[in-house]
Amino acid sequence: MATTAALSRPAPRETTLAERILQDRNVLGILFMLPAAAFLFLFLTYPLGLGVYLGFTDTRIGRAGVWVGFENYESLWGDSVFWLSVFNTFLYTFVASILKFMLGLWLALLLNEHLPFKALIRAIVLLPWVVPTVLSAIAFWWIFDAQFSIVTWSLQKLGLVQGSINWLGDPQIARASVIAANVWRGIPFVAITLLAGLQTIPPSLHEAATLDGATSWQRFWHITLPMLSPIIAVVMTFSVLFTFTDFQLIYVLTRGGPLNATHLMATLSFQRAIPGGQLGEGAAIAVAMVPFLLGAIMFSYFGLQRRRWQQGGQD
Amino acid sequence: MTTASRIERAAVTDESVGMSYLDRVPRRIVTVWLPLLVFMFVLLFPFYWMAITALKPNAELTNFNDYSPFWPSSPTLRHIKYLLFETSYPGWLWNTMLVALGSTFLSLFASVFAAYAIERIRFKGSRWTGLGIFLAYLVPPSILFIPLAVMVFKLGIYDSKLALIFTYPTFLIPFCTWLLMGYFRSIPYELEECALVDGASRWQILTKIMLPLAVPGLISAGIFAFTLSWNEFIYALTFIQSSENKTVPVGVLTELVRGDVYEWGALMAGALLGSLPVVILYSFFVDYYVASMTGAVKE
């Protein structure tokens, strides 16, 4: 039955030109890419170029600008607030990323232990990452209140400090406070992704090392860390990228103050461009972020990636 | 299908005891339980503080001497009532919902086709396109918001929800495409080949075979996109002017703070209510979430 049906099937019908074109993988690929590509070109690539162009103009809100060459960059070069924001951005990114990495790795190692209620604990750990940053930053704003901070109160009750602590009003303490809030939000992402990496390490390696008399520190240093290094490179690249371009947390907690001590490049760019109205100058600051950003990404990606061969190449 | 098996695999490794049986109980308490408790406390405390501040009457908020700061002695729903009936908060919730849904659907639509084309049609230059998509994901909103503001203004959609629905996909499309590429990669080629041999067109393969199989991937990409747009701040802050078009994060921050009078109770209630939708969504799909997050990062 089946064979007769197959034999009596009509000869393949003529395919029209249109059909043949649609079967071509290149045409089809471009057709399928069209919605995403059109959108990204219009709202991502074009604005990127427009941003670079705006950086060379003196555009203000409500007034089209004229080409001024490097004038914006020259004025930024002599602008101490700009350099302070560059310094702050680097300090913020560096300290926060290192703390996030160390605490996140520690938490991942803890979560990798055999624990009851593991799923529940893991769900709770992710909460700070899921909740909108602005909304959790508002909670930190209240926790860091100058007068009614619960942390100050607890420290006073424990007898550790006498007076009040001006969490967000003193330049140095404010820097530490915003970094603490950023680390708090960033730990879950680092921990959960590193946990996934930890679970791919075969237990037999640890067992073999233990039989050979390795201490737990040696096992961590010579097995866990090398096996984890590819995923560490990826996670830290993302972490550096998002910390470097952070805006929300600073905007909620300090708006760059006190004395511009917590102004990051992103917040400075916003402040000059939107409330200040100097779109050209704001765009120039944003463009100035790009080389630093590329440098930071290159550093964290290639610096941490060297040992990828130990995993037998990519993924 | 594959996500499910991935989760199952994760569950199996979760059960593995490893070498922990070698450790004595007192040692485990110090090295595992104590640090873990400290971590949990620090990670959860701000939420706890947010919740009880929202429930405290104003008198208790600033008086730590007569009332215990860690527990509301006479809890009140006044702040929540104020928020829901005397401010534009319900409108902001509605706006956030609309914007998040709109941009999520727009992004998913574009991403499914793009991911399928890059991963399965393998047209000329698909590898480079994939790389381009990845790079597009790395472009931070804090670089794009100024030129986008200029564009939004020229397009005449400034101060409308459309401005957000059209700009959020700039980070959602690359992200979803990237996630779905990983998902399509896990679906066996043979299924497609069978369909091709049977005379199915590419369109039929996509709609009748790949999409039904990719539903878990679509769900996780959708959840991710929804949370990302719910959390977005800088575009919403820049492109929206009038109170009735604001989203929750922007509205809470800009409208509930009047001069020097901080309505802490209402602020915390606003933060809490604004977090609830994403937390609820996430608690239902936490397994998808973890699996797709680690899956996406592993690529």
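Hi everyone. A charge sits over a ring when NZ of Lys or CZ of Arg is within 6 Å of the ring centre and within 35 degrees of the ring normal. Keep that in mind for the start of this tour, and remember that what we have on screen is a predicted model.

Let's go to Arg255(A). Its charged end sits over the ring of Tyr251(A), 4.3 Å from the ring centre. Chain B has a case to look at as well: there, Arg120(B) lies over the face of Tyr189(B), at 4.3 Å from the ring centre.

Now, rings with rings. How many aromatic pairs are there over all chains? The count comes to 53. One of them brings together Trp153(A) and Phe70(B), an edge-to-face pair with 5.9 Å centre to centre and 65° between the planes. Trp153(A) belongs to helix α8 of chain A, residues 150-157, while Phe70(B) is in the loop between α3 and α4 of chain B, so this pair joins two chains. Are these two residues buried or exposed? Trp153(A) is buried, at 16% relative accessible area, and Phe70(B) counts as partly exposed at 31%.

Next, please find Trp217(A) and Trp221(A). These two are stacked, with 5.9 Å centre to centre and 20° between the planes. Both are in helix α11 of chain A, residues 216-244, and because they are 4 residues apart there, about one helical turn separates them. Trp217(A) is exposed, with a relative accessible area of 57%, whereas Trp221(A) is partly exposed at 47%.

There is also a cluster held together by ring pairs. From chain A it takes in Phe238(A) and Phe242(A), and from chain B it has Phe134(B), Tyr137(B), Phe175(B), Trp178(B) and Phe224(B).

Ser85(A) is in helix α5 of chain A, which runs over residues 80-111. Its relative accessible area is 0%, so Ser85(A) is buried. And what does Ser85(A) touch, leaving out residues up to four places away in sequence? The list is His263(A), Leu264(A), Met265(A) and Leu268(A).

Last stop: the database record. An unreviewed UniProt entry lists several stretches of chain A under "transmembrane region", including residues 27-46 and 123-144. How do those two look in the model? Residues 27-46 of chain A are 100% helix and 0% strand, and their end C-alpha atoms are 24 Å apart. Residues 123-144 of chain A come out at 86% helix and 0% strand, with 26 Å between the end C-alpha atoms.

Terms used
Residues are numbered from 1 along each chain as its sequence is written. Chains are lettered from A and ligands numbered from 1 in the order in which they are written. This is a predicted model: local features need pLDDT of at least 70, side-chain atom pairs count only at pLDDT 80 or more; totals for chains, interfaces and linings use all residues. Side-chain values use heavy atoms; hydrogens and water are left out. Rings of Phe, Tyr and Trp (its six-membered ring) pair if their centres lie within 6.5 Å; planes under 30 degrees apart count as stacked, over 60 as edge-to-face and the rest as tilted. Buried means under 20% relative accessible area, exposed over 50%, partly exposed in between (1.4 Å probe, protein chains only). Contact means heavy atoms within 4.5 Å. UniProt positions are given in the numbering used here, feature names are shortened, and annotations may be inferred rather than shown by experiment.
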